[in-house]
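Thank you all for coming.

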There are 2 protein chains.
Amino acid sequence: MTAQKSTPSAVSRSASTRKRTRIQQEKEQLILEAALDVFSRHGFRGSTIDQIAVQAGLSKPNVLYYFRTKEAIHRRLIDRLLDNWLEPLRGINEDGDPLSEIQSYIRRKLELARDYPRESRLFANEILQGAPHIQEELHDLRDLVERKSKIINDWIKAEKIANCDPKHLFFSIWATTQHYADFDAQIRVVLGPTEDGDDRFENAARFLDQLFVDGLRK
Amino acid sequence: MTAQKSTPSAVSRSASTRKRTRIQQEKEQLILEAALDVFSRHGFRGSTIDQIAVQAGLSKPNVLYYFRTKEAIHRRLIDRLLDNWLEPLRGINEDGDPLSEIQSYIRRKLELARDYPRESRLFANEILQGAPHIQEELHDLRDLVERKSKIINDWIKAEKIANCDPKHLFFSIWATTQHYADFDAQIRVVLGPTEDGDDRFENAARFLDQLFVDGLRK
DNA sequence: GTAAAGTTTGACCATATGGTAAAATTTTGT
DNA sequence: ACAAAATTTTACCATATGGTCAAACTTTAC
């Protein structure tokens, strides 16, 4: 082996503009998938690289070959997450029917909570700890909310929906939908075994639909 | 010093029925107060006994003199928490005016989120991790919710409020109110510096009042 | 004042954990 | 097939952390 330079590293390679190898692509995804599982269950501090490695079927140093640090894995997950997470909000269309737009926003957020609970919990963990890793990303969110709040305000001025504070409306939509993923452990106990997974979300959808539509109708 | 038996310990003393000394009372409260601060910010795994000790102005072994383990501190906090946390729910009175009862339940929960955000985050952290330490306590919650759901259902049958699933109603009330404590970091960024602490909660109260009252009125 | 009980501290220990170095192995391009 | 590059493993290291122990120090009861 050439000893002329330091150990080759997938990290520096992927960080640079050079293209990534097949193995790199596969293993990175494998690690991220495992890390999502572990981080979402135990939080950042509660997760160990070893747990992630075992879950991914790799050795610890092998994981660290693809990601320089534990934080690097976490950062990548959060980046990937926020893209999908904000998509429904971006989808709110000022030219659509106000109540339908809000209704379908709620439905899409609820579907995310149902289909991607790990992502929801990863996000919740991060915010709970004071969002130490995503201050920048939160500013993008703020700008997006600002824009969408203007749309809601226009609808209110046009007397198409009831008067309300748009930002608090968004907060309550986020809270109620994500609650089904984040507080799953509590919900399971309260609902008991009668309501299985699908029923749970159907009943939630029905309830939230009624709550917000009746609460906002002019 | 008598060497005939093991080191005296405040833990065994407080665990037994014997009365506790003045110093024990004071130091235990001091430690719990510090631990609430630390646990609510970093979660169980993310908190160290040393952090708690520093925050309390004690040495690590001194903390461990009053609580056998890190888990024991956590457990005591959670126990103390749940009592206050469920109080508003217990307060729902079947003989009161339905909408007023729900309205004041929401207001009380929101006040808890405003005045005891650390407790809210401690609880959120615990549930997010799958509620590993409070399965029993959750069963008490389930029974309480069961009883209160019956009251809501009676109100619905009497046509005093709109038809809805009582449990999902509770979920959405918990979600929206606790959100202001648990997702504080996000809310701060989205609202920006314009809305300071008190305004925030007043606006939230106004919004939630409207949402739930209009959403539930018959 | 004194002795027993209660409290505090400093020095430790075992283990867990994030991360590194270099050798060994596999893959890839030709 | 062969060399260069990429990947994986084995053996580590330094530090952090939960927890223990016995000695030193305070408080309390009489």
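What follows is a short walk through this structure, which is a predicted model.

Let me begin with the contact between the two chains, to which chain B brings 56 residues and chain A brings 56 residues. The area buried between chain B and chain A comes to about 4700 Å², and 67% of that is given by carbon and sulfur atoms. If we ask which three residues supply more of the area that chain B buries against chain A than any other three, they are Leu128(B), His168(B) and Val190(B), with 15% of it.

On the side of chain B that touches chain A, several helices supply at least two residues each, among them H2 (22-46), H7 (117-128) and H8 (135-157). Helix H9(B) gives the most to that side, with 12 residues. Sorted by class, the side of chain B that touches chain A holds 26 nonpolar, 20 polar and 10 charged residues.

Now to the symmetry. Chain B is superposed on chain A by a rotation of 180° with 0.0 Å of shift along its axis, and the RMSD is 0.0 Å. This is the relation of a two-fold axis. The C-alpha of chain B nearest that axis belongs to Gly215(B), at 2.1 Å from it. Because 100% of the interface residues of chain B are also interface residues in chain A, the copies meet through the same surface.

Is Asn203(B) buried or exposed? Its relative accessible area is 18%, and the cut-off for buried is under 20%, so Asn203(B) counts as buried. Not counting residues up to four places away in sequence, Asn203(B) touches Asp165(A), His168(A) and Glu195(B).

My second residue is Ser47(A), which lies in the loop between helix H2 (22-46) and helix H3 (49-56) of chain A. Ser47(A) is also buried, with a relative accessibility of 1%. The side chain of Ser47(A) reaches the backbone oxygen of Val38(A) at 3.3 Å. Once neighbours within four places in sequence are left aside, the residues in contact with Ser47(A) are Val38(A), Phe39(A), His42(A) and Lys70(A).

Technical notes
Residues numbered from 1 in each chain as written. Chains lettered and ligands numbered in written order. Predicted model: local features only at pLDDT ≥ 70, side-chain atom pairs only at ≥ 80, totals over all residues. Heavy atoms only, no water. Contact = heavy atoms within 4.5 Å. Buried area = accessible area lost by both parts, 1.4 Å probe. Helix = DSSP H or I, 4+ residues; strand = E, 2+ residues; numbered from the N terminus. Nonpolar A, V, L, I, M, F, W, Y, C, P; charged D, E, K, R; others polar. Least-squares fit on C-alpha atoms with pLDDT ≥ 70 in both. Buried < 20%, exposed > 50% of the residue type's maximum accessible area, 1.4 Å probe, protein only. Polar contact = N/O pair within 3.5 Å; in protein donor to acceptor, adjacent residues only side chain to side chain.
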